[in-house]
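Here is a short briefing on selected strands and helices. Please keep the sequence and the 3D view at hand.

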Amino acid sequence: MSLDYVKFTPGFDRFMPKEYRDMVEHGPFGKKTTVSQVGSFKEILEEHPMCAGCAMTLFIRLAMISFPNPEDTITVGTAGCGRLAISQAAIPFVYGNYGDQNGVASGLTRGLRLRFGDKPKDVVVMAGDGGMADIGFAQTLHSWFRKEKFTTIMLDNEVYGNTGGQESGMTNRNQVLKMAPLGKKFEKMDMLGMAKVAGCAYVATVVPNNPRRVENVIKKAVLIAREIGPTYIQAYTSCNIEYAIPIDKVMEDAKAVELDRYKFSEYVSEEAREYLADQYGYKEYMPKPAPALAKS
Amino acid sequence: MYLVASINTEVCAATSCKLCTQYCPEANTILYNNDAGKDQGLKYGSAYVSVDRCKGCAQCVWVCDNMAKHNAIKMEMIDQIGDQALTQNIIYGEKSTTAVLANPVPG
């Protein structure tokens, strides 16, 4: 958990693979990189076995670029497509058993606070809708009620994409899938509402067809989770295989879904607004100056 | 053989929107060279594809055609596009990258 773990052991640098050398010399560690600089530095995400054109991969890539301090970040995941890419990155990844990712992250966050004190170490949970809203539902909600200070990101593809297309709690009503031939019988779960009820300090929905917005949302969520409380991001990341979206139309679908049911929304608690304005200079949350008195 | 994205440097270097680099789902696949096209008198640099990492999803084509409206990217067969950038030949600089072009399908 320091920059030393991405440096070369003296004398061994010439034996390291090119990707590793690029990461040490031109990676984002210790620098402030943004989405607008992408294409000019070595990213922490590496090659991965996700499907071609997967929107979830795009979201994961943008999230990894957006972490405020990648060298001080640990990702936690669980079974599902997402972990195939999240684990292929130059930052530590902890694999929780299916459903207990938020429990693992709770212990990890507390342990890091004991070990490193005030030095911020960010824990980010990235898991699918099945791992979070179905099988890991109890642990996810409990971690929020306990006010565990880490970020939870749901990669919501509205289906169990990894196992052949079963319906999940986040699938829309009446949706027919390969393993749900009669269509889903109940509504999509309102995880956003539950996150607010459980006391998350920051709750946002986002679609990856706006990279700058993804960056903004991830940065805020990770920063707020350092001091204020749990934060939750729900990202629509379509499964182009199970929903049969042509791979060159994935962004078109993201745009359509954004307009239909995934409009950008953001809830920031009062305490979190003050914190972002005071500590990180977010102008949008700074108190507005009192209107000048009209000249009499 | 299979399709990979191929960026027209002349069209790209005349506009410089960088949208394709932001929308590619693969990491470090569409990179940006600030100096490409400068020798031809073009205003900006150009994006280029590290073809060994391209999975051929063509999202960049949709983004370039429909969002940027530049139509600079086409899908082409990897054995018919000539010398291209490969991950092993990319040199990272301070704010830009350059690539030594090589045959992607030798032999």
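Which residue in β6(A) is the bridge partner of A204(A)? The partner is I233(A). This is a predicted model.

- Seven strands make up an open sheet in chain A, in the order β2-β1-β3-β4-β6-β5-β7. Its pairing is mixed.
- The edges are β2 (93-95) and β7 (265-268) of chain A, each of which pairs on one side only.
- From one strand to the next, the twist averages 15°.

**β6(A) and its neighbours**
- Strand β5 (residues 202-206) of chain A pairs with β6(A) in the parallel sense, over five bridges.
- Strand β4 (residues 151-156) of chain A also runs parallel to β6 (residues 231-236) of chain A, and six bridges join them.
- I233(A) is the bridge partner of I153(A), and I233(A) is also the partner of A204(A).
- D156(A) stands opposite Y236(A) in β6(A).
- Six of the six residues of β6(A) are buried, leaving the strand mostly covered.
- T231(A), I233(A) and A235(A) point one way from the strand. Y232(A), Q234(A) and Y236(A) point the other way. All are buried.

**Helix α2 of chain A**
- α2(A) covers residues 55-66, and twelve of its twelve residues are buried, so the helix is largely enclosed by the rest of the structure.
- The buried set includes R61(A) as well as F59(A), I60(A) and L62(A).

**Helices α8 and α10 of chain A**
- α8 (residues 211-227) and α10 (residues 270-280) of chain A pack at an angle of about 100°, with axes 10 Å apart.
- That angle makes α8(A) roughly perpendicular to α10(A).
- From α8(A), the contact involves K220(A), L223(A), I224(A), R226(A) and E227(A). They meet A272(A), Y275(A), L276(A) and Y280(A) in α10(A).
- By class, the contact of α8(A) with α10(A) has six nonpolar, three charged and no polar residues.

**A strand pair in chain B**
- Strand β2 (residues 30-33) of chain B pairs with β3(B) in the antiparallel sense, over four bridges.
- L31(B) has Y48(B) in β3(B) as its bridge partner.
- Both faces of β3(B), residues 46-49, are covered. S46(B) and Y48(B) lie on one side, A47(B) and V49(B) on the other, and all are buried.

Key. Residues numbered from 1 in each chain as written. Chains lettered and ligands numbered in written order. Predicted model: local features only at pLDDT ≥ 70, side-chain atom pairs only at ≥ 80, totals over all residues. Heavy atoms only, no water. Buried < 20%, exposed > 50% of the residue type's maximum accessible area, 1.4 Å probe, protein only. Helix = DSSP H or I, 4+ residues; strand = E, 2+ residues; numbered from the N terminus. Pairing = 2+ DSSP bridges. Axes fitted to C-alpha atoms, helices over the stretch in contact; angles between N-to-C directions. Parallel < 35°, antiparallel > 145°, perpendicular 65-115°, else oblique. Contact = heavy atoms within 4.5 Å. Nonpolar A, V, L, I, M, F, W, Y, C, P; charged D, E, K, R; others polar. Expected span 1.5 Å × (residues − 1).
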